[in-house]
Amino acid sequence: MAMTGFDPSIVNSSIGSVKSAYQDLITALGDEMQNQFVAGMADKWACNQAQRFFTNHFKPSIDSLISGSNKIFESVVSTMNAAGQNWANQTESSYSPQSFSMINKNIDASVIRENVGGVRGIDLDAANAVAAKLPSIAEHAKSALTQAQNAVQNSGFVGGNQQANLVNSLGLIKNNIDSATEELTSLTKSAIDETIAAYSDTEGTISGMFNAEG
């Protein structure tokens, strides 16, 4: 019969790794998406199409990924703590649960403006260079989830479905990131195409006005 059990020292180390991976994930979804993608577009793309894309699509999609990630990581840490406590009780040993603090971040779409100094349009090459960062930011997020999955698989759980269930929960976020990235990449292209049709390429103009306004 396969052994089932729990190693408190291993699970403590594992939860630490899960929490570290969580911080990396939120850095990618919260900070990099904001600073590299949204802020990166602010001085290159200004019009109704840009505002609609970021307000109606990008912000809700990334905010939802962050919210879902918060809930799943909180659940993962809680499950690991509870299992540790249960096994400690059964084996008359001790286990000290680790705390988990959610990192609540939201995308700020207000930096995308309808016009900059009266100029509307897009600097196409510069905007495309920013758009090209989306997949790499998503890969950073997914890499963090892989780290978390590996930590759970080495968590000190032995036997049963506990590890597999936690790993699968983290895999759900990975799938959601893939779906969101694919959809946002397509929507970005559509909104940029609409902007080009309406205003043509305003190379360097928006950035110049943006910087002039300070």
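Predicted model: local features only at pLDDT ≥ 70, side-chain atom pairs only at ≥ 80, totals over all residues.

Reader: OK, so Asn-70: buried or exposed?

Author: Asn-70 has 4% relative accessibility, so it counts as buried.

Reader: Where does Asn-70 sit?

Author: In helix α2, which covers residues 48–90.

Reader: And what does Asn-70 touch, leaving aside neighbours within four places in sequence?

Author: With those set aside, Asn-70 is in contact with Tyr-22, Ile-26, Phe-100, Met-102, Ile-103 and Asn-104.

Reader: Switching to Asn-150. Which helix is that in?

Author: Asn-150 belongs to α4, residues 133–153. Its relative accessibility is 39%, so it is classed as partly exposed.

Reader: How far is Asn-150 from Val-18?

Author: Their C-alpha atoms are 8.7 Å apart in space, while in sequence the two are separated by 132 residues.

Reader: Now α4 and α5, how do their axes cross?

Author: At roughly 175°, and the axes come within 9 Å; α5 spans residues 162–199. Because of that angle, α4 is roughly antiparallel to α5.

Reader: What kinds of residues make up that contact?

Author: The contact of α4 with α5 has 13 nonpolar residues, seven polar and three charged.

Reader: Which residues are in there?

Author: From α4 they include Leu-134, Ala-138, Leu-145 and Val-152. On the α5 side, Leu-166, Leu-170, Ile-177 and Leu-184 are among them.

How values were computed. Residues numbered from 1 in each chain as written. Heavy atoms only, no water. Helix = DSSP H or I, 4+ residues; strand = E, 2+ residues; numbered from the N terminus. Buried < 20%, exposed > 50% of the residue type's maximum accessible area, 1.4 Å probe, protein only. Axes fitted to C-alpha atoms, helices over the stretch in contact; angles between N-to-C directions. Parallel < 35°, antiparallel > 145°, perpendicular 65-115°, else oblique. Contact = heavy atoms within 4.5 Å. Nonpolar A, V, L, I, M, F, W, Y, C, P; charged D, E, K, R; others polar.
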